[in-house]
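Keep the viewer open and turn to each place as we come to it.

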Amino acid sequence: MMKDPIKAYAPYTGNEPYLHLCFSKASGKKASALLRRLQARGVRVFFDTESGTDRNVRALMNERMLAATLTAVYLDEAFRNDPAAKSRLLACQRSGQKIVCLNTDGGDSGLSIGLHADAAEIRLPRGAQASDAEHALLHADGFSQDLIGVPIRDKRSPIKRLAAALIAAAILLSACGVLFWLLRRVIPSPPAETDTVVFSDETVRETVRSALGGGPLTEERLREITALRFSGDELPGTLSDLSLLPNLETVVLSQTAAKNASRYPELADYTVELFGGDSE
């Protein structure tokens, strides 16, 4: 069974001027949001807890209700269909009490609840929040600063407040994760960079790529190479691709590979350095 949210709040029991908040028990969740804001501001608020049918308790509730300076009606469809809530309103109205009707859904506020035509009515926009209802009530005709006293802090324990904050944060993170996943599916990934310079010999191509530290082979990047080292003991089938390296000055070969250097006339255009052998 769902816990009644209104039970987290206590009605005002003192002797200073106070507000009577009249609402349907079925709207307890929405009314409790407004009640929390009012109490946090310091507004002294009485409301009928509807706890039990004891005659003395009911008499005390009615006495407190009729002694309020102002009655604010939280009007919605649940209130229109709630005989007990409408009965409390009519009792306040018969006593000559000042009435302010917060019409939260734009529905009928007259015959359906028996409200006098001269009662103040505030029509809140559809989807209005508790903050909107609070603001409207604080500026309503009949509301005075005499109704405001010491703010009441949230009675939930620090652990519960922390748990609520953590739950809210978890929901937010989860929503962000879902949004990120959806965006990744909708927004295409940028195309991977590809080679724009074509090498005819695979060995030369991968030797050049290694010299650049990987990545695509482009004309701009190839200008960075001034020396090229062939690490194997066998030279590629052709070195004609060296002409694609405009700033190449030095070709480094192993002692073994250099024995066949005479087969490659292209090397005549570069300084040839050797590695390996007894000197290393």
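1. D48 sits in the loop between β2 and α2 (55-66). Leaving aside neighbours within four places in sequence, D48 is in contact with R58, M61 and R88. Try the distance tool on D48 and A85 as well: they are 37 residues apart in sequence, while their C-alpha atoms are 9.3 Å apart in space.

2. Now a step back. Please keep in mind that this is a predicted model. The protein has 280 residues, and 37% of them are buried. Its secondary structure comes to 9 helices and 8 strands. Take the contacts between residues at least 6 apart in sequence: 57% of these join residues at least 24 apart.

3. In what order do the strands of the open sheet run? The sheet has 5 strands, ordered β2-β1-β3-β4-β5, and the pairing is parallel. At the edges are β2 (45-46) and β5 (120-123), each of which pairs on one side only.

4. α5 lies across β1, β3, β4 and β5, and runs at about 150 degrees to β4.

5. How do α1 and α5 pack with each other, by angle and by distance between axes? The angle is about 55 degrees and the axes are 9 Å apart. The two helices are therefore oblique to each other. The crossing in which α1 passes α5 is right-handed. On the α1 side, the contact is made by A33, L34, R37, L38 and R41; on the α5 side, by A130, S131, A133, E134, L137 and L138.

6. Which residues touch the most other members of the largest nonpolar core? They are L19 and L137, in a core of 24 residues. The elements giving two or more residues to this core are β1 (19-22), α1 (28-41), β3 (70-75), β4 (98-103) and α5 (130-138). Beyond its neighbours within four places in sequence, L137 is in contact with L19, L38, A72, V100, L102 and F143. In soluble globular proteins, nonpolar side chains tend to be buried together.

7. Another core lies apart from the largest one.

8. Last, find L239, in the loop between β6 (227-229) and β7 (250-254). Is this residue buried or exposed? L239 is buried, because its relative accessible area is 0% and the cut-off for buried is under 20%. Not counting residues up to four places away in sequence, L239 touches V204, F230, Y264, E266 and L267. L239 and S200 are 39 residues apart along the chain, and their C-alpha atoms are separated by 9.5 Å.

Terms used:
Residues numbered from 1 in each chain as written. Predicted model: local features only at pLDDT ≥ 70, side-chain atom pairs only at ≥ 80, totals over all residues. Heavy atoms only, no water. Core = buried A, V, L, I, M, F, W, Y, C linked by side-chain atoms within 4.5 Å. Buried < 20%, exposed > 50% of the residue type's maximum accessible area, 1.4 Å probe, protein only. Helix = DSSP H or I, 4+ residues; strand = E, 2+ residues; numbered from the N terminus. Contact = heavy atoms within 4.5 Å. Pairing = 2+ DSSP bridges. Axes fitted to C-alpha atoms, helices over the stretch in contact; angles between N-to-C directions. Parallel < 35°, antiparallel > 145°, perpendicular 65-115°, else oblique. Left-handed = near helix turned anticlockwise from the far one by under 90°.
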